[in-house]
Amino acid sequence: MKLALLFLGLAAAYLLIGWLVSFPIRFQSYTLSSPKIKAPVRLAVVSDLHSTVYGPDQKRLLDKLRQSRCDLILMPGDIIDDIKPLRGAEMFLDQVSAIAPCYYCTGNHENIETLITLPEVKARVRQAGITVLDKTRETITIRGTRLTLCGVDDPRKYAYIDRDQQEEVQLMNELGSMQDCPEYTILLAHRPERSPIYAQFGFDLIVSGHAHGGQVRIPGLINGLFAPRQGWFPKRAGGLYREQNSDLVVSRGLCQRWYLPRIYNPVEIPIIELTPDSK
């Protein structure tokens with residue numbers, strides 16, 4: 001009996017520690033090299049905020065982004081939630097573009113249309129001075145490096161019935177192939193489980209979210225317990241992956257919900273350092 005109580009106590013302590021260490025926002029750094037990069041470029045990824053509030057006027061989150069000294073901020077969806085009040089997202093959106101140029105694509109919760117419709121979401125994001133990428137692309141230059149940024153809307157309205165994913169292939173065909181693009185190409189697309197489709201179009205980098213880090217982790221053993229549309233022990237819960245000839249960065253996101261605690265799964269801002277290929 002005493003042994004059982006000791007075991008339960010240790011397990012409870014382990015889970016409590018795992019919950020507490022998941023609150024502070026951390027940077028997760030990745031370095032990628034390419035001959036297309038002429039000078040270093042730093043990208044910050046803000047994903048799956050779900051209107052979570054980080055202190056008065058979103059100060060903790062915005063201060064963390066300022067510390068990153070990033071050149072661009074990429075938002076692969078679900079900044080706005082379909083249940084939480086919009087104010088948390090609006091406080092963030094209205095201030096973030098003062099830190100660095102921002103690029104955004106929609107997530108599945110922004111496509112549910114309970115609090116706000118999808119066209120209203122895009123209009124609100126644009127109102128904050130943020131570029132919305134919806135089957136569109138934009139080429140920019142940073143210190144001599146040319147980047148082509150692309151984005152697609154989240155496919156929520158057909159993701160649960162389109163088993164062969166043909167509608168998403170059609171969306172990508174409308175955006176066009178990047179196979180012969182001379183610029184370094186980046187795709188913002190919310191769902192990492194659809195990355196095999198995206199990679200067929202030749203992007204250098206795909207940036208996603210959606211998986212929330214698999215919600216529960218056991219460091220060194222389990223990278224994620226469960227993720228939407230990936231199920232148990234998801235393959236792409238969070239981190240850097242290689243998908244065909246594309247790099248895939250999956251953010252663990254910034255959402256905090258009391259009824260879905262994160263365990264050993266800190267909220268994060270991925271920082272992607274693009275560097276010239278030294279070969």
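Two strands pair if DSSP finds at least two bridges between them. The legends below describe close-up views of a predicted model.

**View 1. Strands S8 and S9 pair in the parallel sense.** Strand S8 covers residues 184-188, and three bridges link this strand to S9. Ile-186 has Leu-205 as its bridge partner in S9.

**View 2. An open sheet is built from six strands.** The strand order is S6-S7-S8-S9-S13-S12, with mixed pairing. The edges are formed by S6 (136-142) and S12, each of which pairs on one side only. On average, neighbouring strands of this sheet are turned by 25° against each other, direction ignored. Strands of a sheet pair through backbone hydrogen bonds, in either the parallel or the antiparallel sense.

**View 3. Strand S13 lies between S9 and S12 in the sheet order.** S9 (residues 205-208) runs parallel to S13 and is joined to S13 by four bridges. Within this pair, Ile-206 of S9 has Leu-248 of S13 as its bridge partner. S12 (residues 239-243) runs antiparallel to S13, and five bridges join the two strands. Glu-243 stands opposite Ser-246 of S13.

**View 4. S12 and S13 form a hairpin.** Two residues separate the strands. Gln-244, in the turn, has a positive phi of about 55°.

**View 5. Both faces of strand S13 are covered.** S13 spans residues 246-250, and five of its five residues are buried. In a regular strand, side chains alternate between the two faces of the sheet. Ser-246, Leu-248 and Val-250 are on one side of S13, and Asp-247 and Val-249 are on the other. The residues on both sides are all buried, that is, under 20% relative accessible area.

**View 6. Helices H2 and H3 pack against each other.** Two packed helices are described by the angle between their axes and the distance between the axes. H2 comprises residues 59-68 and H3 residues 87-96; the angle is about 30° and the axes are 10 Å apart. Angles under 35 degrees count as roughly parallel, and H2 and H3 are therefore roughly parallel to each other. The crossing of H2 and H3 is right-handed. On the H2 side, the contact is made by Leu-61, Leu-62 and Leu-65; on the H3 side, by Phe-92, Gln-95 and Val-96. Of the residues in this contact, five are nonpolar, one is polar and none is charged.

Key. Residues are numbered from 1 along each chain as its sequence is written. This is a predicted model: local features need pLDDT of at least 70, side-chain atom pairs count only at pLDDT 80 or more; totals for chains, interfaces and linings use all residues. Side-chain values use heavy atoms; hydrogens and water are left out. Axes are lines fitted to C-alpha atoms, for helices over the stretch in contact, and angles run from 0 to 180 degrees between N-to-C directions. Angles under 35 degrees count as roughly parallel, over 145 as roughly antiparallel, 65 to 115 as roughly perpendicular and the rest as oblique. A crossing is left-handed if the near helix is turned anticlockwise from the far one by less than a right angle, and right-handed if clockwise. Contact means heavy atoms within 4.5 Å. Ala, Val, Leu, Ile, Met, Phe, Trp, Tyr, Cys and Pro count as nonpolar, Asp, Glu, Lys and Arg as charged, and the others, Gly among them, as polar. Buried means under 20% relative accessible area, exposed over 50%, partly exposed in between (1.4 Å probe, protein chains only).
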